[in-house]
Amino acid sequence: MTPVADENKEPTGYFLFSLDTELAWGHFDNFRPDVFSPDGQRERYAIRRLLDMLDEFGIVATWAVVGHLFYAKCEKCEICPVLEWKGKYNSYNDIYDASSPLWYGADIIRTLIQRSGRHEIAFHGYTHRIFDENTFSREDARVEITEWLRVTQSMQVAHPRTVVFPRNKVGHLDVFKEHGFVCYRGDELLPRDYYSLPLIGKLLNRIDLITQFRTPQIYNVEINRAGLINLPASRGLFTINRKFDMLLDRLNLRNFHIQRIIRGVEKAAKEKKIIHIYAHPFEFRAEKDFEKLRRLFESVADQIKNNRLQSVSMATLAETALRSYAS
């Protein structure tokens, strides 16, 4: 494990914040209308609020964007992976030859470009298809990458350096390396104790997905010149069970797991390591959700003010690590 050191600053810890920006594309194979607002306005409001809060606290984000959101409507492209979904997924009828605000977001992209000069726009798939190497070929991966690059370059987005894999299913890293990517977000880190045991570990993982009772893992960068740098997730901002989140909110215990994340932030600052938190904009559905994020950002901003932590994009951290390793 290699510590990261910026040659221009004293060593500090690092805070990474990535946002899987996908609207309904994350549910392309099992679309649930109840998860989203009918017109996509709640999700757009959440993105604007997130940008405001990032500005307020001086925090940098990696916005991992699904490429198809760059369209305002279906353009019936010559290469269209969605055609394979006809008769297979109900979402096909809402996507092909349509302009649903849950599936098309050129307005969102314009907002990100106008507001996100400090931030990074990263790859999150062209259609959010899963990079499972057992069912997803290298040619499929190349189509996703080249189509993402084509549509994003049409809006003058800088060539991405970061991959956030749909559903964190990592695959075809060598293809991404060929296209100039330098890092990716791997699976959430788990403690190397009881969590690694076959039976009890599985039970603990399931319980933690719901309750998030453990403190997020922190880490140093592992340099692997044969592939991309893995900057794994430490913790999601929300639990996998939103009903559990809402129950805690009703009981005024909304900071139950945020306090655990804050402990991770403090530990990363103290030990000069990395903590990586992620979320989806559509998960911000109520004011209490933003209050949780504000509490976290206040903690991060306090560590930054005291020169114990830096907030950077995933690509910036990866490139800093590579320079540090080379020297």
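Are Trp85 and Tyr89 buried or exposed? Trp85 is buried, and Tyr89 is buried too. Buried stands for under 20% relative accessible area, exposed for over 50%, and partly exposed for values in between (1.4 Å probe, protein chains only).

All views show a predicted model, in which local features need pLDDT of at least 70, side-chain atom pairs count only at pLDDT 80 or more, and totals for chains, interfaces and linings use all residues. Residues are numbered from 1 along each chain as its sequence is written, and side-chain values use heavy atoms, with hydrogens and water left out.

**View 1. The aromatic pair of Trp85 and Tyr89.** The structure holds 27 aromatic pairs. One of them joins Trp85 and Tyr89 in an edge-to-face arrangement. Their centres are 5.9 Å apart, with 75° between the planes. Rings of Phe, Tyr and Trp (its six-membered ring) pair if their centres lie within 6.5 Å; planes under 30 degrees apart are stacked, over 60 edge-to-face, and the rest tilted.

**View 2. Phe123 and Phe131 form an edge-to-face aromatic pair.** The centre-to-centre distance is 6.2 Å and the planes make an angle of 80°. Phe123 is buried, at 0% relative accessibility. Phe131 is buried as well, at 0%.

**View 3. Arginines over aromatic faces.** Arg49 lies over the face of Phe290, at 4.2 Å from the ring centre. Arg185 lies over the face of Tyr278, and here the distance to the ring centre is 4.4 Å. A charge sits over a ring if NZ of Lys or CZ of Arg is within 6 Å of the ring centre and within 35 degrees of the ring normal.

**View 4. The largest cavity and its lining.** A search of the whole structure finds two cavities of 30 Å³ or more. A cavity is a set of points, on a 1 Å grid over the protein atoms alone, where a 1.4 Å probe fits but cannot get out; lining residues have an atom within 4 Å of a point. Grid points are joined across faces, edges and corners, and a volume is the space filled by probe spheres set on the points. The largest cavity has a volume of about 50 Å³. Its lining consists of Asp20, Thr21, Glu22, Leu23, Glu43, Ile47, His280, Pro281 and Phe282. By class, four of these residues are nonpolar, two polar and three charged. Nonpolar covers Ala, Val, Leu, Ile, Met, Phe, Trp, Tyr, Cys and Pro; charged covers Asp, Glu, Lys and Arg; polar covers the others, Gly among them. β1 (13-21) and α1 (41-57) each supply at least two lining residues. Helices (H or I, at least four residues) and strands (E, at least two) are DSSP runs, numbered from the N terminus.

**View 5. Leu23, in the loop between β1 and α1.** Leu23 is one of the residues lining the largest cavity. Leu23 is buried, with a relative accessible area of 5%. Its phi is near 50°, a positive value in a residue other than glycine. Most residues other than glycine have a negative phi.

**View 6. The second largest cavity and its cysteines.** This cavity holds about 40 Å³ of space. His68, Cys74, Glu75, Lys76, Cys77, Cys80 and Tyr96 line the second largest cavity. The lining has four nonpolar, one polar and two charged residues. Cys80 is buried, at 15% relative accessible area. The closest cysteine sulfur to that of Cys80 is in Cys74, 6.0 Å away, so the two are too far apart for a bond. The structure holds zero disulfides, a disulfide being a pair of cysteine sulfur atoms within 2.5 Å.

**View 7. Asp97 and Trp103, in the loop between α2 (92-95) and α3 (106-115).** Asp97 is exposed, at 53% relative accessibility. Phi of Asp97 is near 55°, a positive value in a residue other than glycine. Trp103 is buried, at 1%. The C-alpha atoms of Trp103 and Cys74 are 9.4 Å apart, across 29 residues of sequence.

**View 8. Thr215, in the loop between α6 (200-211) and β6 (229-230).** Thr215 is partly exposed, at 25% relative accessibility. Lys267 is 52 residues away along the chain, with 9.6 Å between the two C-alpha atoms.

Note on methods: 1 Å grid on protein atoms, 1.4 Å probe; cavity = no way out; pocket = protein on both sides within 12 Å on 5 of 7 lines; lining within 4 Å.
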